[in-house]
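Below are some notes for a colleague who has not looked at this structure before. They are numbered so that each point can be checked against the display.

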There are 2 protein chains.
Amino acid sequence: MYSKKIQSQLDKKKIDTGDTITVRAKDRIYEGFLMPKPHFGNPDILVIKLSSGYNIGIIPDSIELVATTGSRFDEPSEPEKPKKGDISILGCGGTIASKVEYRTGAVYPSIKPKELRAAFPELSDWPIHSRQIFSLFSDDMNSYHWKIIADEIEEEIKAGSSGVVLMHGTDTMSYTASAISFMLQQLPVPVVFVGSQRSSDRPSSENKMNLVNAVFSASQDIGEVTVCMHADSNDELCHLHRATRVRKMHTSRRDAFRSINSDPIAKVDYRALLFQPLSDYRKRHKQLISKKKFNENVAIIYVHPNMKPDLISRLSDYDGVVLAGTGLGHVPVGAFGAKHVKGILEPIKQLIDSGIPVVMSSQCITGRLCMRVYANGRLLKDTGVIGDDADWTPEVAFTKLSWVLGQTKKMEEIKRLMETDIAGEISSKSPIGGEQ
Amino acid sequence: MYSKKIQSQLDKKKIDTGDTITVRAKDRIYEGFLMPKPHFGNPDILVIKLSSGYNIGIIPDSIELVATTGSRFDEPSEPEKPKKGDISILGCGGTIASKVEYRTGAVYPSIKPKELRAAFPELSDWPIHSRQIFSLFSDDMNSYHWKIIADEIEEEIKAGSSGVVLMHGTDTMSYTASAISFMLQQLPVPVVFVGSQRSSDRPSSENKMNLVNAVFSASQDIGEVTVCMHADSNDELCHLHRATRVRKMHTSRRDAFRSINSDPIAKVDYRALLFQPLSDYRKRHKQLISKKKFNENVAIIYVHPNMKPDLISRLSDYDGVVLAGTGLGHVPVGAFGAKHVKGILEPIKQLIDSGIPVVMSSQCITGRLCMRVYANGRLLKDTGVIGDDADWTPEVAFTKLSWVLGQTKKMEEIKRLMETDIAGEISSKSPIGGEQ
């Protein structure tokens, strides 16, 4: 918030963030968008974005409103129920629904989903309706929001929706989508997460391609949670990925999303009405199973040289721990006469002995875990670390453990559920297209 | 150690781990290799590996020695100095120097490097000598061992070595190799790390291919630290990677090692005497610069949803922190009206304000960081998080920060060194073969 002095002037003239204003200061006049007060800094300095794109800070003598902003971020959207058979598009934020961020000069999620129908005429091929659930940077998203998203998907299905598309930021999309895979099982309709690596104001924006292919995928006979993103760097094809298999593997490329240890579910192109399966997937189920409870007290720990044992022993107030180990699932152990090694086997054993499950994953990202090949791995397995033979990503090991801990507190049952394939997160076959 | 009762019998008959023994127990006789006492369990139970491959535990009535083991793990190797022009092969352990582990029934590093000359006649094309520095699982390796490795490399160079090959486990090879890149700059000879994904007893073992190509690479005009590993799943070619660019990207494939955000340095095949450069590299320098001090008090923290702020604030006793953030370099912030988000910006700010550098990297692994695109990223950058625009892996951000903190304690100088390319870890160009 700006200082009272400034805020009262703004309130008096009904000026809000994003409005175009003129500011008089020391006999000069500046025109631009009103920016919100920066996180840090003097609240008496008003910040506006000039037409040059630069922000300036001014101690204002007077402020005048020139024009209000068309769409305001905080304006509530009108919820609406789908007509039977509609494909529902639910907005959760992210670049796919962004325009140039007038607030800080960067990109900020702001377009409401219902505006998309006007923006993308291609969507008129399907009966759709849309509404905004919330608008968040996906890096801010957590299990509180996963629960809301699962509730909203369930509500759409109950109201007659024939498929649900979720617009979501790309940063944590694989976390959210895999979390929903565990919460909502035996889906009667496809649930398709979609995002965009480039904001809609940039010429290379791929959000139309991704969004329309997501809606097209949501019209198919699929009973799984999926992610629809560019298959390559051309605006030609999308891949539909299983939510428990996909991972963002590049910070900025349009084809950043890749299926890990599996082929994508399908190659998709709405323009050619192409839906070409690349691997097996589950069809629409009759009866949804909904198990939405999560435990939010779980940490991912990245294993590395010089790791101090107390990085693990400090976790005694957690309910579960996922290790992103090295190689086939290893950590510094320091057994077998190894000198000058601060092993973390002992603190791991203490966690497990006190009832805190410890689950292995690999920082290699691809490939299957095997804690039986090397002596150090065997010690981990003997200590009770869960995950031998799994081929999940660290992210999915994390969402699964968080979900399992929402279902049971018994170590035996935790272990059993972790080792049972629930949503395609553990494959029994060799990874396609690669030696193991 | 076994119990006194058992150990005294073993000592009396000069029996050591790995020796073939017969054990009498309750009128039955068992023959097999003596195993070390398992980490946990009754020290009165002797463990032997039967010829079937299975281990059994026995309370012995009597024990007899049948045959001693040819090579003992703990036997000291004879150090030797290289003749001028020799290529030095130094053993640090790892699968490349392993045979079937007689100790626990798994694989355990044990072959001494000097045995390699007999095992790989192809090496006779080059003047080599070899010695064991130590034998460790690479998951146990840390900056104590990096220092020893750097000392030994320097010693070899001073004694006239024309190239140094290091046999090393694959799990943390990219940590060690990148660490050596910062410690030993302007190398007068190539330093080549080499490992093997499969143990030498398995038919698909690729250790010969990797080792001989590493020696061949060490004979080239290169003044950098590199990693030589399989280029694909056939036993045909190796890639020579820059140490600050390479990462183990699969738990078990022979071609697990990939250059990240860059092409490999070269395609290598000793049989065809092929050394085909794929990108620029530095030639042999005149004068080695040696800066070997490390700070071992640095942590890598994996950013994830539901991350609790105290996972960061607990790090106030560390000297540096590397974040493996999401996307372009993000963390949960919870600014701009986001609700139900436990942001970690504040604890990050507290670390930085108290003089602890915080460095960004991306869990996407590939791609360049950019904290200027989104409002949340801007807040991180404004808070003083280091790494905007860098294209390093989390591992290299970690080894670099650990090394920089060994050179200086001044925040300004830490920031300057982190932002300066020292060993090819920050590229100013777009990644080859990909859009940014």
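1. In this predicted model, 74 residues of chain A are in contact with 74 residues of chain B. Contact here requires that the C-beta atoms of two residues, placed from the backbone, lie within 7 Å. On the side of chain A that touches chain B, the elements giving two or more residues are strand S8 (107–109), helix H3 (143–158), S20, helix H8 (375–383) and H9. By class, this side has 34 nonpolar, 25 polar and 15 charged residues. Ala, Val, Leu, Ile, Met, Phe, Trp, Tyr, Cys and Pro count as nonpolar, Asp, Glu, Lys and Arg as charged, and the others, Gly among them, as polar.

2. On conventions: residues are numbered from 1 along each chain as its sequence is written, and chains are lettered from A and ligands numbered from 1 in the order in which they are written. As the model is predicted, local features need pLDDT of at least 70 and side-chain atom pairs count only at pLDDT 80 or more, while totals for chains, interfaces and linings use all residues. Helices (H or I, at least four residues) and strands (E, at least two) are DSSP runs, numbered from the N terminus.

3. In chain A, three strands make an open parallel sheet in the order S20-S21-S22; two strands pair if DSSP finds at least two bridges between them. S20 (298–302) and S22 (358–362) of chain A are at the edges with a single partner strand each, so one side of each has no neighbour in the sheet. On average, neighbouring strands of this sheet are turned by 20 degrees against each other, direction ignored.

4. Five bridges join S21(A) (residues 320–325) to S22(A) in parallel, and Val321(A) stands opposite Val358(A). Helix H9(A) (residues 394–407) lies across S20, S21 and S22, at about 165 degrees to S21(A). Axes are lines fitted to C-alpha atoms, for helices over the stretch in contact, and angles run from 0 to 180 degrees between N-to-C directions.

5. In chain B, five of the five residues of strand S10 (163–167) are buried, so the rest of the structure largely encloses this strand. Buried means 20 or more other C-beta atoms within 10 Å of a residue's own, with C-beta atoms placed from the backbone. Gly163(B), Val165(B) and Met167(B) point one way, Val164(B) and Leu166(B) the other.

6. S10(B) pairs in parallel with S6(B) (residues 87–91) over five bridges and with S12(B) (residues 191–194) over four. Val164(B) is the bridge partner of Ser88(B) and stands opposite Val191(B) in S12(B).

Note on methods
A residue is buried if 20 or more other C-beta atoms lie within 10 Å of its own, exposed if 12 or fewer, and partly exposed in between; C-beta atoms are placed from the backbone.
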